[in-house]
Amino acid sequence: MTSDTSPSLASALAAGTVVLDGGMSNQLESVGHELSDELWSARLLAERPEAVTQAHLAYFRAGADVAITASYQATFEGFARRGIGHDEAARLLALSVDLAREAARRVGDEGVDRPLWVAASVGPYGAMLADGSEYRGRYGLSVAELERFHRPRMEVLAAAAPDVLALETVPDADEGAALLRAVRGLGVPAWLSYTVDGRHTRAGQPLEEAFALAADVDEVIAVGVNCCAPEDVEPAVRIAARVTGKPVVVYPNSGEAWDAEARAWTGRTSFGADRVKTWRDAGAKLVGGCCRVGPEAIASIRRALGTG
C-alpha cells in the first residue's frame, strides 16, 4: 500500500504499466445507490462516505493500483446549490482523498502489498453544470475565467496530499490550458486527460494542439484520454506519446453512449481487455476504465497486461 517508502507514480510509470480503477458511479449504482442528481457520486461524500470507501476497495481488490477520488463533480458552486457552505465543501473535497487513502490502508491490512496511489479527480467546468456540456466544451468562458473556477478546488485537493491530480474528462483545449495554469505551484503532480471524438477534442480542436499544451509542463507526468469510445483510444495514444514524449494515460468508457437528456446509457459495450495490449504497445502506461467499466473489467486488464 502507499507509504513514505513507496515509489512515486511517475517513477512507477517509468518502470512499467500501472492499472487504474474503473467508474466510480457505476460501482456505487451496482450496489444500490441512487445517483440521479446534479452532484452525482459527490453527494455520497456527504451522505454515505463509507459507500465511497467500499467502491474504492472493490477496485483495489480487483487489481487497480490507482484509485480516482469521488470529487469529479464536487465543486464549491455545485455544493452551494445544495445549501452546503464553503468550509463544509472544502472538508468534503479533502474527505474524498481521505476515503481513498482509507481504502488503500484496509486492502493493505488484507494482505495486498503492492504500491497503491490516490488520484484526486478534477472534473471539467461542464461537470459542475450537470447538463452534459463536459462532452461539448466551448462554455463561453475565457482561459482566465476557467482558471479562476478550477484553482480554489485544486488548492484544497492538493492540500489533502493525493499522489496526483487527475485533470480529467477535459473536452476543450482552452480548458486544458486553464487547468495547466492552475496546477502550477501546487506541489502535486498531475495528469491531463481529454475526452475526445476521433482525433479531436470534443470541442473540435486537433489532438496534436491539445496535447502540445502539456509537453513542457513539469507538473504533468502523463497525458491522454478518458470517457471516450474504446475505438478512439489507440490513435489518441500515438498522438499523445509523439507530441509530448510523456507516459500516456487511457481509461475509456465501455463503448455505450450517454444520453444527457434521458440521463441513461444506450447501445452496446465495445470495451475489452484484448484492446489494452494494443494501447500499451502504442505508448499507454496508465490503463483503466471510465463509465460503465467495473471491477471485473479492471481485473481482466491486470491479467491482460501481465501485471499480476
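Helix axes here are lines fitted to C-alpha atoms over the stretch in contact, and angles between them run from 0 to 180 degrees between N-to-C directions. The model is predicted.

**Exercise 1. Helix 4 against helix 13**

Task: Find how helix 4 and helix 13 are oriented to each other, and name the residues in contact.

Solution. 
- Step 1. Take the geometry. The axes of helix 4 and helix 13 (residues 295–305) come within 8 Å and cross at roughly 25°.
- Step 2. Apply the cut-off. Angles under 35 degrees count as roughly parallel. Helix 4 and helix 13 are therefore roughly parallel to each other.
- Step 3. Helix 4 passes helix 13 in a right-handed crossing.
- Step 4. List the contact. Helix 4 supplies A58, Y59 and A62, and helix 13 supplies P295, I298 and A299.

**Exercise 2. Helix 4 against helix 6**

Task: Classify the packing of helix 4 and helix 6.

Solution. 
- Step 1. Helix 4 (residues 49–62) packs on helix 6 at an angle of about 45°, and the axes are 8 Å apart.
- Step 2. That angle makes helix 4 oblique to helix 6.
- Step 3. The crossing of these two helices is right-handed.
- Step 4. On the helix 4 side, the contact includes P49, V52, H56, L57 and F60. On the helix 6 side, L95, L99, A103 and V107 are among the residues involved.

**Exercise 3. Placing A94**

Task: Is A94 buried, partly exposed or exposed, and which residues does A94 touch?

Solution. 
- Step 1. Locate the residue. A94 lies in helix 6 (residues 86–109).
- Step 2. Check its accessibility. Buried means under 20% relative accessible area, and exposed means over 50%. A94 has 21%, so A94 is partly exposed.
- Step 3. Find its partners. Leaving out residues up to four places away in sequence, A94 touches V156 and A160.
- Step 4. Compare a pair. A94 and S142 are 48 residues apart in sequence, and their C-alpha atoms are 28 Å apart in space.

**Exercise 4. Tracing the sheet**

Task: Give the strand order, then follow the pairing on both sides of strand 8.

Solution. 
- Step 1. Eight strands form an open sheet in the order 1-12-9-8-5-4-3-2, with parallel pairing.
- Step 2. Find the edges. Strand 1 (18–19) and strand 2 (66–68) each pair on one side only.
- Step 3. Take one side of strand 8. Strand 5 (residues 190–194) pairs with strand 8 in the parallel sense over five bridges. L192 has V223 of strand 8 as its bridge partner.
- Step 4. Take the other partner. Strand 9 (residues 248–251) pairs with strand 8 over four bridges, again in the parallel sense. V223 stands opposite V248 in strand 9.
- Step 5. Check burial. In strand 8 (residues 220–226), seven of the seven residues are buried.
- Step 6. Look further along. Strand 3 (residues 117–122) and strand 4 (residues 164–170) are parallel partners over four bridges. A119 has V164 of strand 4 as its bridge partner.

Technical notes: Residues numbered from 1 in each chain as written. Predicted model: local features only at pLDDT ≥ 70, side-chain atom pairs only at ≥ 80, totals over all residues. Heavy atoms only, no water. Buried < 20%, exposed > 50% of the residue type's maximum accessible area, 1.4 Å probe, protein only. Contact = heavy atoms within 4.5 Å. Pairing = 2+ DSSP bridges. Parallel < 35°, antiparallel > 145°, perpendicular 65-115°, else oblique. Left-handed = near helix turned anticlockwise from the far one by under 90°.
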